[in-house]
Amino acid sequence: MPIIGLGVRQMQGQEIKDLIINSIKIGYHHFDCAADYKNETEVGEAFKEAFDTGFVKREDLFITTKLWKSDHGPVVEACKDSLKKLQLDYLGLYLVHFPVATRHTGVGTTDSALGEDGVLDIDTTISLETTWHAMEGLVSSGLVRSIGINNYDIFLNRDCLAYSKIKPAVNQIETHSTSK
């Protein structure tokens, strides 16, 4: 996994396609995507263009994407949906985006599942352990090369390490710094 990657959050359309192509040209080989970013289709079009024009070979890129919280049940289907949109046959890294399962809203949709009271509709029938074991199955099937977690605190991280057969390759967390 390359140390530095380009995140594609909050980018759409031609802007993201141009950014990815130009990033590949200057040496980026790791791209961080997510179903929730709602741009996997555009990102996939850029990858296809880069492969078709010979800028880069598929095996030279490390692609990360993330399982959305409403897809903790249909993990395999969600991964295949992301692969289809990204126009890839495997992922370098697939992450559990958030350590909570919400009511399923349909594979490929990332709307927040809210209850009648407007509060997040958590699906208590799906444990993080169940989700993790499904993620491990993705590695066994060859759909992903490595798996990891995202936004897990130290306690959830420790739990995952205890029940996992395949240990998380990473725990990706968002950080910000301010300079004065």
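Analyst: A pocket here is found on a 1 Å grid over the protein atoms alone: an open set of points where a 1.4 Å probe fits, with protein on both sides within 12 Å along at least five of seven lines. Lining residues have an atom within 4 Å of a point. A volume is the space filled by probe spheres set on the points, which are joined across faces, edges and corners. The model is predicted, so local features need pLDDT of at least 70 and side-chain atom pairs count only at pLDDT 80 or more, while totals for chains, interfaces and linings use all residues. Residues are numbered from 1 along each chain as its sequence is written, and side-chain values use heavy atoms, with hydrogens and water left out.

The largest pocket holds about 310 Å³ of space. Its lining is made up of 15 residues, and R9, Y37, H97, Q172 and E174 lie nearest the centre. Sorted by class, that lining has 4 nonpolar, 6 polar and 5 charged residues (nonpolar: Ala, Val, Leu, Ile, Met, Phe, Trp, Tyr, Cys and Pro; charged: Asp, Glu, Lys and Arg; polar: the others, Gly among them).

The second largest pocket has about 150 Å³. It is lined by 18 residues, with A35, E40, D81, K85 and G108 closest to its centre. Two or more lining residues come from each of α2 (40-52), β3 (62-67) and α3 (75-86), where helices (H or I, at least four residues) and strands (E, at least two) are DSSP runs numbered from the N terminus. Helix α3 gives the largest share, 4 residues. By class, the lining of the second largest pocket splits into 6 nonpolar, 5 polar and 7 charged residues.

S82 belongs to helix α3 too. With a relative accessible area of 2%, S82 is buried (under 20%; exposed is over 50% and partly exposed in between, with a 1.4 Å probe and protein chains only). Apart from neighbours within four places in sequence, S82 is in contact (heavy atoms within 4.5 Å) with A35, E40 and T65. The C-alpha atom of S82 is 8.8 Å from that of L67, a residue 15 places away along the chain.

N157 sits in helix α5 (residues 154-163) and is buried, at a relative accessible area of 18%. Outside the four places on either side in sequence, the contacts of N157 are I149, Y152 and N171.

As for cysteines, there are 0 disulfides, a disulfide being a pair of cysteine sulfur atoms within 2.5 Å. For C33, the nearest cysteine sulfur is that of C79, 12 Å away. C33 is buried, with a relative accessible area of 0%; C79 is likewise buried, at 0%.

Around these parts, the protein has 5 helices and 6 strands, in the order β-α-β-α-β-α-β-α-β-α-β along the sequence. Of its 180 residues, 44% count as buried. Among contacts between residues at least 6 apart in sequence, 71% join residues at least 24 apart. The C-alpha atoms fill a box of roughly 45 × 45 × 35 Å along the principal axes.
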